[in-house]
Amino acid sequence: MGATKNLAIEENEKFTDEAQQFSNQEQEESPRYKLIGKLMRREIHLSYSKLKHLSSPVNFIDAILNPPKRNAGMSLGTLVDCLLLTEDKFDEQFTVIDETPTTDKQTEFVTLVFEKMKLEPISNLDAKFAEAVSEGFGRVKTDQLKPYIIATLQGKECISKSDFSKAKKIVDNLKNTAEITDELMLVEEFQKKLEFNYKGWNFLCYLDTYHKDGFDDLKFASDCSYEKFSRDIEKFGYDIQIGVYAIGFEALHGNFHPTVKHIVYDAIGNYGVYPIDS
């Protein structure tokens, strides 16, 4: 655990030095420049999802201004986490829909509707939807896209019926596994919010599971064998993530040696529970 915490500390110090260097290079008033100002004043919450892009100041700032799109694996993992840990929150986060934009014209149409709906209440959607159709989309299949647009405007993630069925199958398998259920029996709180200050920076993160002695972090993987996941830890910066979480856990709860485990699963029923060395 000491190594992961030290790595997180090194990333934080690296950011402080490089942000100062980069700010001196950016002189124009722009979203980028304004963001740099907020970073220099330490008004931005840091997190693993931000720090993992700190290969350079440019990459770090670009990732905040233009967040990478979620891939299919990330979406499935988030869905499984919700169904397994906080199923009661499912309707707040997700909507199961029949149709998503699949053609360039449909994507263009949906983008136009979103643009028209900026600062508009959702009650105006029908009028703005019809207005968008009249602007060259009369021959495009658009009616079936309305549920997708509504859910997106509500801040929900849209998932297909097939993805929902796939996630449900994974969750049912995990729930029927004694090792997983025994681990979850220890949990006092799911999706535990941690807000803490470290060296003048405000951090915000969420622990998948929390108990008085530590926490677990769930990961969806294409291959959840110990050998492959050990390589993924370094490849995707999971060591930095756990280090950040451990610093926050210690800052708020005073446990300097929390028990930490990765619960790793794939799409075909395999899983692993891997303790992280302290």
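**Labels and their grounds**

Modeller: To start with a helix pair, helix H7 (residues 104-116) and helix H8 (residues 125-133) pack with their axes 9 Å apart, at an angle of about 135°. The model is predicted.

Colleague: Why is H7 called oblique to H8?

Modeller: The angle is about 135°. Roughly perpendicular covers 65 to 115 degrees and roughly antiparallel needs over 145, so an angle between those ranges counts as oblique. H7 is therefore oblique to H8.

Colleague: What is the hand of the crossing of H7 and H8?

Modeller: That crossing is right-handed.

Colleague: Which residues of H7 and H8 meet?

Modeller: From H7 there are Phe 109, Leu 112, Val 113 and Lys 116. On the H8 side they meet Leu 125, Lys 128, Phe 129, Glu 131, Ala 132 and Val 133. Sorted by class, this contact has seven nonpolar and three charged residues, with no polar ones.

Colleague: What makes His 262 count as buried?

Modeller: Buried means under 20% relative accessible area. His 262 has 2% relative accessibility, so His 262 counts as buried. The residue is found in strand S6 (residues 259-265). Leaving aside neighbours within four places in sequence, its contacts include Asp 217, Lys 219, Phe 229, Tyr 238 and Tyr 274.

Colleague: What does Pro 101 touch, not counting residues up to four places away in sequence?

Modeller: Pro 101 touches Gln 106, Thr 107, Val 110, Leu 145 and Tyr 148.

Colleague: What makes a set of residues a nonpolar core?

Modeller: The residues must be buried, of the listed nonpolar types, and joined through side-chain atoms within 4.5 Å. The largest such core has 26 residues, and Phe 196, Phe 203, Leu 207, Phe 215, Val 244 and Tyr 245 have the most contacts inside it. At least two residues each come from helix H2 (31-40), helix H4 (57-65), strand S3 (189-198), strand S4 (201-211) and helix H13 (238-253). H13 supplies the largest share, six residues. A second, separate core has 21 residues, among them Leu 76, Leu 174, Ile 180 and Leu 184.

Conventions
Residues numbered from 1 in each chain as written. Predicted model: local features only at pLDDT ≥ 70, side-chain atom pairs only at ≥ 80, totals over all residues. Heavy atoms only, no water. Buried < 20%, exposed > 50% of the residue type's maximum accessible area, 1.4 Å probe, protein only. Helix = DSSP H or I, 4+ residues; strand = E, 2+ residues; numbered from the N terminus. Axes fitted to C-alpha atoms, helices over the stretch in contact; angles between N-to-C directions. Parallel < 35°, antiparallel > 145°, perpendicular 65-115°, else oblique. Left-handed = near helix turned anticlockwise from the far one by under 90°. Contact = heavy atoms within 4.5 Å. Nonpolar A, V, L, I, M, F, W, Y, C, P; charged D, E, K, R; others polar.
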